[in-house]
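Visitor: I am new to reading protein models. Could you walk me through one, feature by feature?

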Amino acid sequence: MTERNDQGNGTQPVVEIIGRVVAVRPTGEIDITTAPSLSRALAEALALLSASGADRIVTDCSRVTFCDSSGLNALVAARLEAAQANASIHLANPAPQLQRLLRMTGAESLFPREDGLPARGRPSAGG
């Protein structure tokens, strides 16, 4: 599986199917520079959801070292799109900094937690 560089700042999130889950795996910092790649990955995951027979999207945040308001906006926008498609976006393993951001902004309740995401599966065509 290959990861693509995104503007020299970390790597583009990997999107993969694991059983009935479409997993999105961002890494590094999610900020104004890298949030667009997260948005694209979440849009890809939403497109894969119905095609793959999966029942939810899980964003594995275990390798996210920082997330600012741009990253949060990407997650919230994707959540709105998913809700329109009767789908949900769960968060797995958010670091304390991301948990604080979610709590401080009142967004914590918007994203169900799912800490037990299986190991890597097969990547999507774009991942």
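Visitor: Let me start with a pair of residues. Are D60 and R25 buried or exposed?

Guide: Both D60 and R25 are buried. Keep in mind that this is a predicted model.

Visitor: How close do D60 and R25 come, N to O?

Guide: Start with the general idea. Side chains of opposite charge can pair when their charged atoms come close. Now the case here. D60 and R25 form a salt bridge, with 2.5 Å between the closest N and O atoms. D60 sits in strand β4 and R25 in strand β2, so this pair ties together parts 35 residues apart in sequence.

Visitor: How accessible is D55, and how accessible is R20?

Guide: D55 has 38% relative accessibility and counts as partly exposed. R20 has 51% and counts as exposed.

Visitor: Which residues are linked with R20 and D55 in a network of salt bridges?

Guide: R56 and E114. Trace the network in the view: R20, D55, R56 and E114.

Visitor: Now a helix. Which residues of α3 are buried?

Guide: L98, L101 and L102, in a helix that runs over residues 96-105. Seen down the axis of α3, the buried residues fall within an arc of 95 degrees, so they line one face. The general idea is simple. An α-helix has 3.6 residues a turn, so residues three or four places apart point the same way.

Visitor: What covers the buried residues of α3?

Guide: The cover includes β5 (64-67), α2 (69-84) and β6 (89-92). Now look at the face turned away from the buried side of α3. That face carries the exposed residues P96 and M104.

Visitor: What comes just after α3?

Guide: G106, which takes a positive phi of about 80 degrees.

Visitor: What does the side chain of T34 reach?

Guide: Two backbone atoms to look for. One is the backbone oxygen of E29, at 2.7 Å. Another is the backbone nitrogen of D31, at 2.9 Å.

Visitor: What is the average pLDDT of the chain?

Guide: The chain averages 86, and 83% of the residues score at least 70. Treat the start separately. Over residues 1-9, pLDDT stays under 50. For residues 1-9 the model has 27 contacts beyond four places in sequence.

Definitions and conventions: Residues are numbered from 1 along each chain as its sequence is written. Side-chain values use heavy atoms; hydrogens and water are left out. A polar contact is a pair of N or O atoms within 3.5 Å; within protein, one must be able to donate a hydrogen and the other to accept it, and residues adjacent in sequence count only if both atoms are side-chain atoms. pLDDT is the predictor's confidence in each residue, from 0 to 100. Contact means heavy atoms within 4.5 Å. Buried means under 20% relative accessible area, exposed over 50%, partly exposed in between (1.4 Å probe, protein chains only). Helices (H or I, at least four residues) and strands (E, at least two) are DSSP runs, numbered from the N terminus. The arc is that of the directions from the helix axis to the C-beta atoms. A salt bridge is a side-chain nitrogen of Lys or Arg within 4 Å of a carboxyl oxygen of Asp or Glu.
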